Amino acid sequence: MESKVVIITGGAGGLGKSMVQCFAANGYRVIVLDIQPLTIEQTTEYANGYAVSSFACDVTREAQVENIVDTVVQQFGRMDVLVNNAGTQHVAPVELFPTEKFQSMLDLMLVAPFIAIKHVLPVMKRQQFGRIINMASVNGLIGFAGKAAYNSAKHGLIGLTKVTALETATDGITVNAVCPGYVDTDLVQNQLAEIAGMRGITEEEVLEQIIFPLVPQKRLLQPNEIANLVLFLSGEKAGGITGQAIVIDGGYTTQ
Ligand SMILES: NC(=O)c1ccc[n+]([C@@H]2O[C@H](COP(=O)([O-])OP(=O)(O)OC[C@H]3O[C@@H](n4cnc5c(N)ncnc54)[C@H](O)[C@@H]3O)[C@@H](O)[C@H]2O)c1
């Protein structure tokens, strides 16, 4: 059977790496777009004998994304799943938040997903099949002091998810946002350091005093828990789920 093709942006990082491994192990042909692409050694390691290719790409650059989508479609003849995952974090109060940083975070986590969606949709519509998963966050649903740009981008990404789902509802395409709570990746480890610096406490104290009181399960999620949800949403059996913001957060938003 022909392999389905998945593009994962930010596929070289924490959650992305886990998704690359998960999709590859489940028979997908995986295409990684990352500003720091996988080395040949990493590609071999992550792929574990399956099909993974990696492109150096700044996903905020429309021409780069468009070229890679065209190349992939020419090579494999299809484009089944897009996971908009590339992201970053910066924590500062609004009045100290650099405007350029705010702008660049919106470019990366809102404008870039729009660009990628725009260029895969014609192919997915021709196929009358497609799955788009936008990596949002619980911070797309609730606020968190210090995360003005991140929360703005993720709230916007959920809006983009709903609109795209409506526009593709009769084309065999589903579009969903996944909203993780805290997952144990570099992005969160760096954030612990930033919050520790802002509040003058240790990173362990940030976990115990600030993060875990928010999370009923009192733990960081593991990247493969998110990867398996994304894999499910990408499959044929998830065809009825569209336009949703699906939360996976150890109970964070239930309190
Ligand atoms: N880790 C968490 O707890 C958590 C929780 C909720 C949502 N998320 C979201 O999940 C996604 C992945 O997070 P992560 O924790 O794996 O982050 P990470 O920092 O570990 O990885 C992010 C990846 O994005 C890549 N990237 C950054 N800028 C890029 C650009 N301009 N073009 C292409 N690639 C670029 C990086 O090189 C890196 O490989 C992000 O969108 C993040 O907001 C993470």
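Buried, in these notes, means under 20% relative accessible area, with exposed over 50% and partly exposed in between (1.4 Å probe, protein chains only).

**Ground rules.** I am working with a predicted model, where local features need pLDDT of at least 70, side-chain atom pairs count only at pLDDT 80 or more, and totals for chains, interfaces and linings use all residues. Residues are numbered from 1 along each chain as its sequence is written, and side-chain values use heavy atoms, leaving out hydrogens and water.

**Overall.** I counted eight helices and seven strands in the protein; these are DSSP runs numbered from the N terminus, helices being H or I of at least four residues and strands E of at least two. The radius of gyration is 18 Å, close to the 18 Å that the globule rule gives for 255 residues, so the protein is as compact as a globular protein of that length. For that I used C-alpha atoms, and the rule is 2.2 Å times the number of residues to the power 0.38. The C-alpha trace spans about 55 × 40 × 35 Å along its principal axes. Of the 255 residues, 51% count as buried.

**Strand 5.** I looked here for burial. Six of the six residues of strand 5 (residues 130-135) are buried, so the strand is largely enclosed by the rest of the structure. Gly130, Ile132 and Asn134 point one way, Arg131, Ile133 and Met135 the other, and all are buried.

Strands pair if DSSP finds at least two bridges between them. I found four bridges joining strand 4 (residues 81-84) to strand 5, and the two run parallel. Asparagine 84 has asparagine 134 of strand 5 as its bridge partner. From strand 4 the chain crosses through helix 4 (residues 99-127) to strand 5, a β-α-β crossover that is right-handed. Right-handed means that, with the strands pointing away from the viewer, the path from the first strand over the helix to the second runs clockwise.

On to strand 6 (residues 173-180): six bridges join strand 5 to it, again parallel. Arginine 131 has threonine 174 of strand 6 as its bridge partner. The chain gets from strand 5 to strand 6 through helix 5 (residues 148-167), and this β-α-β crossover is right-handed.

**Helix 1.** I also checked which residues of helix 1 (residues 14-25) are buried: Leu15, Gly16, Ser18, Met19, Val20, Cys22, Phe23 and Ala24. Just after helix 1, glycine 27 takes a positive phi of about 90°.

Technical notes: The expected span of a helix is 1.5 Å times one less than its number of residues.
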